[in-house]
Amino acid sequence: MTAPELRDAALASKAWPFEEARKLLARLPKDGRPVVFETGYGPSGLPHIGTFGEVARTTMVRRAFEAMTGHPTRLIAFSDDLDGLRKVPDNVPNREAMAAHLGRPLTSVPDPFDPSRSFGAANNARLRAFLDGFGFEYEFLSATECYRSGRFDPLLRRVLQRWDAVMAIMLPTLGEERAATYAPFLPIHPESGRVEQVAVLARDIEAATITWADAQGREWTTSVLGGCAKLQWKVDWAMRWVALGVDYEMAGKDLIDSVTVSSKIARALGGTPPAGFTYELFLDEDGHKISKSKGNGLTIDEWLSYAAPESLAFYMYREPKVAKKLHLGLVPKTVDEYCDFLRRFPAQPIEQQLGNPVWHVHGGQPPAQTPPVSFALLLNLVAAAGAGDSAVLWGMVTRTLGLKPGEDPALDAMMERAIRFHRDVIAPTLKRRAPHDAEREGLKELDRRLAALAEDADAESIQHEVFEAGKAAGFVQLRDWFTALYETLLGQSQGPRMGSFISLYGIANSRRLIAEALA
């Protein structure tokens, strides 16, 4: 496929990353500079999957734009690490010691896990380690470094110069009490190092200073340059867009009003606000919004303990405008849905490939190889065999599929993850029940039929006998028959295609399972 053919197909695609990319066509720089994408991160708590999701989705739009235009791009991952620590996260050690640093910039607060570095720097490192591991191409920028190095100084001067215009935008959005003391700048106290929420008594545009009083009534005159003060966050967001020339940034549904206000401020500063996209928020298993400070959502490490990174990116791609729960129970289904789309990809025409999630997960180059078995099937094999290591599973797979360890690294990894997921997540919930009278007759009939088959019978032949056994036992609704098999043999309400399961697990092993259930 030629580049023009790809561009034509991309321009016509209805996949949401391409729809987003089309918003940027009118912003193509005439001077050839790269189009700038940005994602923001507040390192006030440990990074969670929602943070990763914003980078992954922005990258999907970025790759769609590149396919559509061939124009160069940049992605900035920006950390608001000069923000003051507002509260101590619930999921960190030494909380009392950390509370002594409330109000100080996150890069001035000792990390409770490693006091030799700051909390902001530690969380930045945790985020970057994952982004690097996943292969994202990005430039990391720290608010602390941008302020203190003077990179933002020209725009900070402009905010001071256009103070009245900024205040005219902000004040109508504030309550009466907050408006009485609001100022665009937050000075950093020269003694305590805390970010001060105080009224500004005077400002000197020429000297680039503000005068303010602390809680003890002492007056201070502080430069707004060089990291001696920072902007309130909505003003800060707008300033950053203009200073860095940001063309595209997406944000969660909870920030719709903030995007509107910051866009007005960006125009007041002489810039153009970026194009953007509003995505829905992730919820925990109980339907509550995921919070970094509460730690009630999945961590990146938790997901990756049980599934490959591409499955997580696949979950981020699906329905970004729909609020979705995010918990470990989603992992098996997500892995298998990803693999299903991957299997379909090679035979699809280009128009369908561009709408296939794996195109966006892999930047247009998904792998050709797919696992020969599903994650759900492996989990059921582990449940039935009680396998504590991959050797037992490999014995089944080698006998049935002819595959050996080391021939397919992705399958090797899936084996280990299936064992781990079953041990940590599924096993504590399993409880096999005794069969009822009709179910006992069905199991006996299935055992007789399996005994008549060769040990190497194929999955389709076995599936036929499973159906016939259920019918012979009087099951009008075969769905009830399969539910009985799952609950009596595997200890769960849902399960795999039984023909495939018995084929892999082995007829002799499956007959032993039936005997245990009947006993």
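## Second largest cavity

The second largest cavity has a volume of about 30 Å³. In this predicted model, local features need pLDDT of at least 70, side-chain atom pairs count only at pLDDT 80 or more, and totals for chains, interfaces and linings use all residues. Residues are numbered from 1 along each chain as its sequence is written, and side-chain values use heavy atoms, with hydrogens and water left out.

A cavity is a set of points, on a 1 Å grid over the protein atoms alone, where a 1.4 Å probe fits but cannot get out; lining residues have an atom within 4 Å of a point. Volume is the space filled by probe spheres set on the points, which are joined across faces, edges and corners. Lining the second largest cavity are L446, L489, M498, F501, I502, S510, L513 and I514. Helices are DSSP runs of H or I with at least four residues, strands are runs of E with at least two, and both are numbered from the N terminus. The lining has seven nonpolar residues, one polar and no charged. Here Ala, Val, Leu, Ile, Met, Phe, Trp, Tyr, Cys and Pro count as nonpolar, Asp, Glu, Lys and Arg as charged, and the others, Gly among them, as polar.

## Largest cavity

The whole structure holds two cavities of 30 Å³ or more. The largest contains about 50 Å³ of space. Its lining is made up of T39, G40, Y41, T51, E54, V55, A77, F78, S79, L127 and F140. β1 (35-41), α3 and β2 each give at least two residues to this lining. By class, the lining of the largest cavity has six nonpolar residues, four polar and one charged.

## Salt bridges

The whole structure has 32 salt bridges. Each is a side-chain nitrogen of Lys or Arg within 4 Å of a carboxyl oxygen of Asp or Glu. One of them joins R63 to E66, with the closest N and O atoms 2.8 Å apart. Both residues sit in helix α3 (residues 49-69), three residues apart, about one turn of the helix. R63 is buried, at 18% relative accessible area. E66 is partly exposed, at 24%. Buried means under 20%, exposed over 50%, and partly exposed in between (1.4 Å probe, protein chains only).

D83 bridges to K230, the closest N and O atoms being 3.1 Å apart. This pair links distant parts of the chain, 147 residues apart: D83 is in the loop between β2 (73-79) and α4 (95-99), and K230 is in strand β8 (residues 229-231). D83 is buried at 17% relative accessibility. K230 is buried too, at 4%. Elsewhere, E38, D80, D236 and R240 are linked in a network of salt bridges.

## Sheet and neighbouring loops

β5, β6 and β7 form an open sheet of three strands, in the order β5-β6-β7, with antiparallel pairing. β5 and β7 are the edge strands, each pairing on one side only. From one strand to the next, the twist averages 20 degrees. Angles run from 0 to 180 degrees between N-to-C directions, with axes as lines fitted to C-alpha atoms, for helices over the stretch in contact. Strands pair if DSSP finds at least two bridges between them. Five bridges join the antiparallel β6 and β7. A213 has E219 of β7 as its bridge partner.

R218 and E191 meet in a salt bridge (3.0 Å, N to O). R218 lies in the loop between β6 (209-213) and β7 (219-223), and E191 in the loop between β4 (185-187) and β5 (200-204), so the pair ties together parts that are 27 residues apart in sequence. R218 is partly exposed at 35% relative accessibility, and E191 is exposed at 53%.

Methods: 1 Å grid on protein atoms, 1.4 Å probe; cavity = no way out; pocket = protein on both sides within 12 Å on 5 of 7 lines; lining within 4 Å.
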